[in-house]
Amino acid sequence: MNELKHIAIIMDGNGRWAKKRGFSKRIKGHEEGAKRVREITIFASNYGVKFLTLYAFSTENWKRPKYEIDFLMKLMDIYLKNELKLFLENEVRFQTIGDISKLPKNLQDRIFYTKEKTSHFKGLTQVLAINYGSRDEIIRAFHKAKKSGVDLTQENMNDFLDTAGMPDVDMLIRTGGEQRLSNFLLWQSAYSELFFTKTLWPDFTVDELKQMIEKFNKIERRFGGVKNE
Ligand code: IPE
Ligand code: IPE
Ligand code: MG
(Lines give C-alpha, C1' and ligand atoms only; values in the text may rest on other atoms or scores of the structure.)
(Ligands and ions follow the chains in the order given, each with its own letter.)
Protein backbone atom coordinates (compact mmCIF):
# COMPACT_ATOMS: atom_id res chain seq x y z
CA MET A 1 0.00 0.00 0.00
CA ASN A 2 1.23 3.46 -0.87
CA GLU A 3 0.37 6.45 1.21
CA LEU A 4 -2.44 8.33 -0.53
CA LYS A 5 -2.79 11.83 0.81
CA HIS A 6 -3.56 13.82 -2.32
CA ILE A 7 -5.61 12.99 -5.42
CA ALA A 8 -5.88 15.59 -8.20
CA ILE A 9 -8.33 15.27 -11.08
CA ILE A 10 -8.54 16.98 -14.46
CA MET A 11 -12.27 16.61 -15.00
CA ASP A 12 -12.34 16.63 -18.79
CA GLY A 13 -14.89 15.51 -21.38
CA ASN A 14 -18.07 17.31 -20.33
CA GLY A 15 -18.66 18.89 -23.74
CA ARG A 16 -18.15 15.62 -25.60
CA TRP A 17 -20.47 13.84 -23.17
CA ALA A 18 -23.26 16.33 -23.95
CA LYS A 19 -22.69 15.95 -27.69
CA LYS A 20 -22.73 12.16 -27.44
CA ARG A 21 -26.05 12.27 -25.60
CA GLY A 22 -27.57 14.48 -28.29
CA PHE A 23 -27.80 17.65 -26.21
CA SER A 24 -27.45 20.75 -28.34
CA LYS A 25 -25.39 22.56 -25.70
CA ARG A 26 -22.08 21.56 -24.09
CA ILE A 27 -23.26 23.02 -20.79
CA LYS A 28 -25.48 19.99 -20.09
CA GLY A 29 -22.25 18.06 -19.62
CA HIS A 30 -21.00 20.53 -17.02
CA GLU A 31 -24.25 20.14 -15.10
CA GLU A 32 -23.97 16.35 -15.08
CA GLY A 33 -20.26 16.57 -14.23
CA ALA A 34 -21.00 18.54 -11.08
CA LYS A 35 -22.93 15.50 -9.75
CA ARG A 36 -19.84 13.30 -10.07
CA VAL A 37 -17.90 15.75 -7.91
CA ARG A 38 -20.26 15.02 -5.03
CA GLU A 39 -19.88 11.21 -5.31
CA ILE A 40 -16.10 11.30 -5.64
CA THR A 41 -15.83 13.70 -2.69
CA ILE A 42 -17.85 11.45 -0.39
CA PHE A 43 -15.75 8.44 -1.38
CA ALA A 44 -12.44 10.28 -0.90
CA SER A 45 -13.58 11.52 2.48
CA ASN A 46 -14.56 8.01 3.65
CA TYR A 47 -11.37 6.50 2.23
CA GLY A 48 -9.26 8.86 4.36
CA VAL A 49 -7.69 10.93 1.58
CA LYS A 50 -6.56 14.31 2.93
CA PHE A 51 -6.75 16.44 -0.23
CA LEU A 52 -8.89 16.14 -3.36
CA THR A 53 -8.00 18.82 -5.90
CA LEU A 54 -10.39 19.27 -8.82
CA TYR A 55 -9.68 21.29 -11.94
CA ALA A 56 -12.87 23.27 -12.51
CA PHE A 57 -11.76 26.27 -14.59
CA SER A 58 -8.33 26.99 -16.04
CA THR A 59 -6.65 30.32 -16.82
CA GLU A 60 -7.00 29.25 -20.47
CA ASN A 61 -10.74 28.54 -20.23
CA TRP A 62 -11.47 32.30 -20.57
CA LYS A 63 -11.00 31.66 -24.30
CA ARG A 64 -14.38 29.88 -24.38
CA PRO A 65 -17.62 31.50 -25.61
CA LYS A 66 -19.06 34.00 -23.15
CA TYR A 67 -22.27 32.04 -22.60
CA GLU A 68 -20.28 28.95 -21.56
CA ILE A 69 -18.08 30.96 -19.18
CA ASP A 70 -21.14 32.66 -17.65
CA PHE A 71 -22.80 29.27 -17.23
CA LEU A 72 -19.74 27.77 -15.54
CA MET A 73 -19.51 30.70 -13.10
CA LYS A 74 -23.19 30.32 -12.25
CA LEU A 75 -22.85 26.54 -11.94
CA MET A 76 -19.96 26.88 -9.46
CA ASP A 77 -22.04 29.27 -7.38
CA ILE A 78 -25.03 26.89 -7.35
CA TYR A 79 -22.72 23.94 -6.69
CA LEU A 80 -21.19 25.59 -3.64
CA LYS A 81 -24.57 26.68 -2.33
CA ASN A 82 -25.87 23.11 -2.56
CA GLU A 83 -22.69 21.44 -1.37
CA LEU A 84 -22.39 23.29 1.93
CA LYS A 85 -24.73 20.72 3.51
CA LEU A 86 -22.53 17.87 2.23
CA PHE A 87 -19.39 19.56 3.52
CA LEU A 88 -20.91 20.07 6.96
CA GLU A 89 -22.31 16.52 7.17
CA ASN A 90 -19.06 14.89 6.06
CA GLU A 91 -16.76 17.36 7.84
CA VAL A 92 -15.08 18.33 4.58
CA ARG A 93 -13.01 21.51 4.50
CA PHE A 94 -13.31 23.63 1.38
CA GLN A 95 -10.41 25.45 -0.26
CA THR A 96 -9.54 26.91 -3.67
CA ILE A 97 -6.41 27.42 -5.72
CA GLY A 98 -6.12 29.92 -8.56
CA ASP A 99 -6.65 33.65 -8.76
CA ILE A 100 -10.21 34.10 -7.55
CA SER A 101 -9.99 37.92 -7.64
CA LYS A 102 -10.95 37.72 -11.34
CA LEU A 103 -14.23 35.86 -10.65
CA PRO A 104 -17.70 37.46 -10.41
CA LYS A 105 -18.21 39.10 -7.02
CA ASN A 106 -21.12 36.82 -5.98
CA LEU A 107 -18.98 33.73 -6.63
CA GLN A 108 -16.08 35.22 -4.68
CA ASP A 109 -18.43 35.88 -1.74
CA ARG A 110 -19.76 32.32 -1.91
CA ILE A 111 -16.21 30.95 -1.91
CA PHE A 112 -15.22 33.02 1.15
CA TYR A 113 -18.40 32.00 2.97
CA THR A 114 -17.94 28.28 2.24
CA LYS A 115 -14.28 28.38 3.30
CA GLU A 116 -15.18 30.15 6.53
CA LYS A 117 -17.97 27.71 7.43
CA THR A 118 -15.74 24.66 6.85
CA SER A 119 -12.32 25.94 7.94
CA HIS A 120 -12.29 23.97 11.24
CA PHE A 121 -12.73 20.52 9.66
CA LYS A 122 -9.75 18.17 9.87
CA GLY A 123 -10.67 15.36 7.46
CA LEU A 124 -10.75 15.70 3.69
CA THR A 125 -10.08 19.08 2.11
CA GLN A 126 -11.80 19.53 -1.24
CA VAL A 127 -9.79 22.00 -3.29
CA LEU A 128 -11.42 23.55 -6.36
CA ALA A 129 -8.98 24.91 -8.93
CA ILE A 130 -10.77 27.97 -10.31
CA ASN A 131 -9.08 30.39 -12.69
CA TYR A 132 -6.08 28.20 -12.00
CA GLY A 133 -3.01 27.75 -14.17
CA SER A 134 0.37 26.49 -12.97
CA ARG A 135 2.34 29.11 -14.84
CA ASP A 136 0.25 31.92 -13.39
CA GLU A 137 0.60 30.36 -9.91
CA ILE A 138 4.38 30.00 -10.20
CA ILE A 139 4.84 33.61 -11.35
CA ARG A 140 2.62 34.84 -8.50
CA ALA A 141 4.73 32.74 -6.10
CA PHE A 142 7.93 34.43 -7.33
CA HIS A 143 6.39 37.85 -6.75
CA LYS A 144 5.15 36.91 -3.27
CA ALA A 145 8.58 35.59 -2.27
CA LYS A 146 10.33 38.68 -3.63
CA LYS A 147 7.97 40.95 -1.73
CA SER A 148 8.70 39.13 1.54
CA GLY A 149 12.44 39.16 0.83
CA VAL A 150 12.71 35.36 0.78
CA ASP A 151 15.14 33.46 -1.46
CA LEU A 152 13.19 30.64 -3.07
CA THR A 153 14.41 27.08 -2.55
CA GLN A 154 12.94 23.70 -3.50
CA GLU A 155 11.94 23.34 0.14
CA ASN A 156 10.19 26.69 0.66
CA MET A 157 8.64 27.05 -2.82
CA ASN A 158 5.35 25.44 -1.81
CA ASP A 159 4.86 28.06 0.93
CA PHE A 160 4.39 30.64 -1.82
CA LEU A 161 2.24 28.55 -4.14
CA ASP A 162 -1.55 28.44 -3.84
CA THR A 163 -1.09 24.89 -2.51
CA ALA A 164 0.78 26.12 0.59
CA GLY A 165 0.26 23.60 3.39
CA MET A 166 -0.78 20.83 1.02
CA PRO A 167 1.30 17.71 0.27
CA ASP A 168 2.51 16.93 -3.27
CA VAL A 169 0.05 15.14 -5.55
CA ASP A 170 0.18 11.32 -5.20
CA MET A 171 -2.30 10.42 -7.96
CA LEU A 172 -3.08 12.65 -10.92
CA ILE A 173 -6.09 11.54 -12.93
CA ARG A 174 -7.33 12.89 -16.26
CA THR A 175 -10.64 11.77 -17.71
CA GLY A 176 -11.75 12.38 -21.31
CA GLY A 177 -8.98 10.57 -23.15
CA GLU A 178 -6.35 13.29 -23.61
CA GLN A 179 -2.91 12.66 -22.18
CA ARG A 180 -1.78 16.14 -21.25
CA LEU A 181 -1.59 18.28 -18.12
CA SER A 182 -3.15 21.48 -19.52
CA ASN A 183 -1.23 23.70 -17.07
CA PHE A 184 -2.38 21.83 -13.94
CA LEU A 185 -0.20 21.48 -10.81
CA LEU A 186 3.11 21.31 -12.71
CA TRP A 187 5.31 21.86 -9.65
CA GLN A 188 3.22 19.71 -7.32
CA SER A 189 3.05 16.74 -9.72
CA ALA A 190 6.79 16.26 -10.20
CA TYR A 191 6.51 12.73 -8.74
CA SER A 192 2.81 11.97 -9.17
CA GLU A 193 1.56 8.69 -10.54
CA LEU A 194 -0.42 9.50 -13.69
CA PHE A 195 -3.74 7.92 -14.64
CA PHE A 196 -5.47 8.61 -17.95
CA THR A 197 -8.88 7.22 -18.82
CA LYS A 198 -11.05 7.54 -21.90
CA THR A 199 -14.12 7.78 -19.66
CA LEU A 200 -15.73 11.21 -20.02
CA TRP A 201 -16.01 13.02 -16.66
CA PRO A 202 -19.85 12.78 -16.41
CA ASP A 203 -19.48 8.97 -16.84
CA PHE A 204 -16.70 8.59 -14.25
CA THR A 205 -17.62 6.39 -11.29
CA VAL A 206 -16.37 5.65 -7.79
CA ASP A 207 -15.75 2.07 -9.03
CA GLU A 208 -13.31 3.27 -11.69
CA LEU A 209 -11.54 5.39 -9.08
CA LYS A 210 -11.29 2.36 -6.80
CA GLN A 211 -9.67 0.37 -9.63
CA MET A 212 -7.15 3.15 -10.15
CA ILE A 213 -6.33 3.20 -6.44
CA GLU A 214 -5.75 -0.57 -6.57
CA LYS A 215 -3.23 -0.01 -9.39
CA PHE A 216 -1.68 2.89 -7.51
CA ASN A 217 -1.14 0.67 -4.49
CA LYS A 218 0.84 -1.83 -6.58
CA ILE A 219 3.25 0.79 -7.95
CA GLU A 220 6.71 0.89 -6.44
CA ARG A 221 7.31 4.60 -5.85
CA ARG A 222 11.07 5.08 -5.83
CA PHE A 223 11.43 8.89 -6.02
CA GLY A 224 14.75 8.42 -7.77
CA GLY A 225 16.05 5.87 -5.26
CA VAL A 226 16.46 2.14 -5.77
CA LYS A 227 14.19 -0.80 -5.18
CA ASN A 228 14.06 -2.03 -1.58
CA GLU A 229 15.66 -5.51 -1.67
C1 IPE B 1 -13.99 19.96 -18.89
O2 IPE B 1 -14.82 19.54 -19.92
C3 IPE B 1 -14.64 21.03 -18.05
C4 IPE B 1 -14.04 22.36 -18.19
C5 IPE B 1 -12.96 22.64 -18.87
C6 IPE B 1 -14.71 23.44 -17.48
P7 IPE B 1 -14.76 20.22 -21.34
O8 IPE B 1 -15.75 21.34 -21.38
O9 IPE B 1 -13.37 20.61 -21.68
O10 IPE B 1 -15.25 19.04 -22.27
P11 IPE B 1 -14.61 18.56 -23.65
O12 IPE B 1 -13.18 18.30 -23.40
O13 IPE B 1 -14.81 19.69 -24.62
O14 IPE B 1 -15.37 17.34 -24.01
C1 IPE C 1 -8.58 21.23 -18.71
O2 IPE C 1 -9.48 20.89 -19.71
C3 IPE C 1 -9.20 22.21 -17.76
C4 IPE C 1 -10.27 21.69 -16.91
C5 IPE C 1 -10.67 20.45 -16.84
C6 IPE C 1 -10.91 22.67 -16.06
P7 IPE C 1 -9.50 21.64 -21.11
O8 IPE C 1 -10.54 20.98 -21.93
O9 IPE C 1 -9.62 23.10 -20.91
O10 IPE C 1 -8.04 21.34 -21.67
P11 IPE C 1 -7.50 21.26 -23.15
O12 IPE C 1 -7.96 22.50 -23.86
O13 IPE C 1 -8.06 20.03 -23.78
O14 IPE C 1 -6.02 21.16 -23.00
MG1 MG D 1 -11.81 19.60 -22.55
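Before I go on, some housekeeping. This is a predicted model, where local features need pLDDT of at least 70 and side-chain atom pairs count only at pLDDT 80 or more, while totals for chains, interfaces and linings use all residues. Residues are numbered from 1 along each chain as its sequence is written, chains are lettered from A and ligands numbered from 1 in the order in which they are written, and side-chain values use heavy atoms, with hydrogens and water left out.

Back to ligand 2. Asp-12 has a polar side-chain atom 3.2 Å from an oxygen atom of the ligand, and for Arg-180 that distance is 2.8 Å. The protein covers 78% of the 390 Å² of accessible area that ligand 2 has on its own; areas here come from the Shrake-Rupley method with a 1.4 Å probe, and for residues only the protein chains shown count as cover. Residues around ligand 2, with a heavy atom within 4 Å of it, include Tyr-55, Phe-57, Arg-64 and Ser-182.

What about ligand 1? Its surroundings include Asp-12, Asn-61 and Arg-64, along with His-30 and Leu-72. One of its oxygen atoms is 2.7 Å from an N or O atom in the side chain of Arg-16, and Arg-64 brings a polar side-chain atom to 2.8 Å from a ligand oxygen. Gly-15 uses a polar backbone atom instead, 2.9 Å from an oxygen of ligand 1. Here the protein covers 87% of the ligand's own 380 Å² of accessible area.

Now let's zoom out. The chain has 7 helices and 6 strands, counted as DSSP runs numbered from the N terminus: H or I with at least four residues for helices, E with at least two for strands. From the N terminus, they go β-α-α-β-α-β-α-β-α-α-β-β-α. The radius of gyration is 18 Å, close to the 17 Å from the globule rule for 229 residues, so the chain is as compact as a globular protein of that length. That radius is taken over C-alpha atoms, and the rule is 2.2 Å times the number of residues to the power 0.38.

On to the inside. Of the 229 residues, 51% count as buried, which is under 20% relative accessible area, with exposed over 50% and partly exposed in between (1.4 Å probe, protein chains only). The largest nonpolar core has 38 residues, and Ile-7, Ile-9, Leu-52, Ile-111, Met-171 and Ile-173 touch the most other members. By nonpolar core I mean buried Ala, Val, Leu, Ile, Met, Phe, Trp, Tyr and Cys residues joined through side-chain atoms within 4.5 Å. Helix H3 (66-90) is one of the elements supplying at least two residues, and H3 gives the most, with 8.

Last stop: is Thr-163 buried or exposed? At 1% relative accessibility, Thr-163 counts as buried, and its place is in the loop between helix H6 (157-160) and S5. Leaving out residues up to four places away in sequence, Thr-163 touches Ile-97, Glu-137, Asn-158, Leu-185 and Gln-188, where contact means heavy atoms within 4.5 Å.

Key. A polar contact is a pair of N or O atoms within 3.5 Å; within protein, one must be able to donate a hydrogen and the other to accept it, and residues adjacent in sequence count only if both atoms are side-chain atoms.
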